[in-house]
Amino acid sequence: MEQLNDSNRERIIEQTKNQVMEMLKKTIRPEFLNRIDETIMFLPLTKEEIASVVKLQMNSVSKMLKPQGFQIEVTPHAIQYLANVGYDPEFGARPVKRAIQHYVLNELSRRILAEEVTRDKPIIIDEFGQGLVFRN
């Protein structure tokens with residue numbers, strides 16, 4: 001199976017749509033298929049769209065931490081890192097939540113408990129090398 005990218009996106013989507021219609025014709029009775037007015041294909045999210053989802057999710061994390069006195073600032077590099085590790089065209093945005101849980105919430109909890117970061121100043125979440133760093 002060919003990997004989806006920006007250059008072949010339209011062609012693969014059209015091929016997939018044709019394959020789905022052929023499968024529908026083989027598996028669904030014609031009288032039911034004729035009652036369907038429109039078939040909608042949901043397109044895989046791009047990495048840019050996943051980055052937007054990461055930003056929204058990190059805003060939610062920030063709001064969740066605020067009542068406990070923590071303020072976080074997430075750099076664009078950290079957003080991109082999370083978008084990359086949370087990107088799976090097959091599963092859409094679902095892996096983003098797991099990536100944030102694993103790479104941000106779990107690690108931030110460890111840093112808070114080890115008193116490596118405090119409530120005194122905003123906690124900066126950045127990407128450095130092959131992972132996230134937390135500092136304030």
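Helices (H or I, at least four residues) and strands (E, at least two) are DSSP runs, numbered from the N terminus.

I noted that this is a predicted model, in which local features need pLDDT of at least 70, side-chain atom pairs count only at pLDDT 80 or more, and totals for chains, interfaces and linings use all residues. Residues are numbered from 1 along each chain as its sequence is written, and side-chain values use heavy atoms, without hydrogens and water.

Next I looked up the packing: α4 (residues 76-85) and α5 (residues 94-113) meet at an angle of about 130 degrees, with their axes 9 Å apart. Axes are lines fitted to C-alpha atoms, for helices over the stretch in contact, and angles run from 0 to 180 degrees between N-to-C directions. α4 is therefore oblique to α5 (under 35 degrees is roughly parallel, over 145 roughly antiparallel, 65 to 115 roughly perpendicular, the rest oblique).

Which residues of α4 make the contact? I found Tyr-81, Leu-82 and Val-85, against Ala-99, Ile-100, Tyr-103 and Val-104 of α5 (contact means heavy atoms within 4.5 Å).

I then checked burial: Ala-78, Ile-79, Tyr-81, Leu-82 and Ala-83 of α4 are buried (under 20% relative accessible area, with a 1.4 Å probe and protein chains only). Their cover includes α3 (47-65), β1 (72-74), α5, β2 (123-128) and β3 (131-135).

Last, I looked up the strands: β2 and β3 run antiparallel, joined by five bridges (strands pair if DSSP finds at least two).

Methods. Buried < 20%, exposed > 50% of the residue type's maximum accessible area, 1.4 Å probe, protein only.
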